[in-house]
Amino acid sequence: MKRFFAGCMALAAVAFACLALPARAAELYISQLNGTVVKFDTATNTITSVVSGFKTPFDLTFGPNGDLYVSDYGAGTITRVSPEGQKTVVASGLDRPVGFTFLANGDIAANCYSNGNLSAGSTWRITPTGEKSLIASGLTAPVELTVSQADPSTLLSTSYGGATKTVPGASVY
C-alpha cells in the first residue's frame, strides 16, 4: 500500500510530470520530460536534481525499502534509484510502462501502454529478480495502478479517460 501521494498531471513548467510525496511530507518528487527527476522541498522552496538520464520518466513510487522507483516509458524499464542517486534497472523489456505499484510480497505490478494502442494495454507482475508474468491484457489506455484498500487482493487501474476499473483476473496473491 502506498504511504504517500502519487499521480500525474500537466504542469506548465515541465509540460507533464508525475509526482510522488513520500512519508516525509516536506518533499515532492517530480518526473520531467527532459529525462530528470527533481525534488521540491516545500519547507525551503528549493528544487534539486535527484537523478537524470531517463528517456521518458513517467511514474514515481517509493519501494518498501524507501528507495525511489521510476518507470521509463521511452526505455521500457523500471529503475530503482538509491538515496545516493545510483540507478539499477529492476525490469526491462516492458512495452511503454506507465503506472506501477508494489504488492505485499515485494513484487511490482506495472501497467503498460502497449505501443500506444488504446485497447492493447496490459498489466504485468515483476518479481524482485526481474521475472515477468502477464496479469491482464486488453486494457483500455491503462495509466495509474494501485492495490485496492477495500480488498488488498485486487488491483485498480485508472485510464487516460479517468475511469477506475478493477484489473480483470488480477488476483495479487
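**Close-ups of a predicted model**

**View 1. Strands S11 and S12, side by side.** Strand S11 (residues 108–112) and strand S12 (residues 121–126) run antiparallel and are joined by five bridges. Strands here are DSSP runs (E, at least two residues), numbered from the N terminus, and two of them pair if DSSP finds at least two bridges between them. Look for alanine 110: its bridge partner in S12 is tryptophan 124. Keep in mind that this is a predicted model, where local features need pLDDT of at least 70, side-chain atom pairs count only at pLDDT 80 or more, and totals for chains, interfaces and linings use all residues. Residues are numbered from 1 along each chain as its sequence is written, and side-chain values use heavy atoms, with hydrogens and water left out.

View 2. Four strands line up in the order S10-S11-S12-S13, with antiparallel pairing. S10 (97–102) and S13 (132–139) sit at the edges with a single partner strand each, so one side of each has no neighbour in the sheet.

**View 3. The second largest pocket.** A pocket is an open set of points on a 1 Å grid over the protein atoms alone, where a 1.4 Å probe fits, with protein on both sides within 12 Å along at least five of seven lines; lining residues have an atom within 4 Å of a point. Of the 15 lining residues, Tyr29, Val50, Val81, Ser82 and Pro83 lie nearest the centre. Strand S5 (residues 46–51) gives the most to this lining, with three residues.
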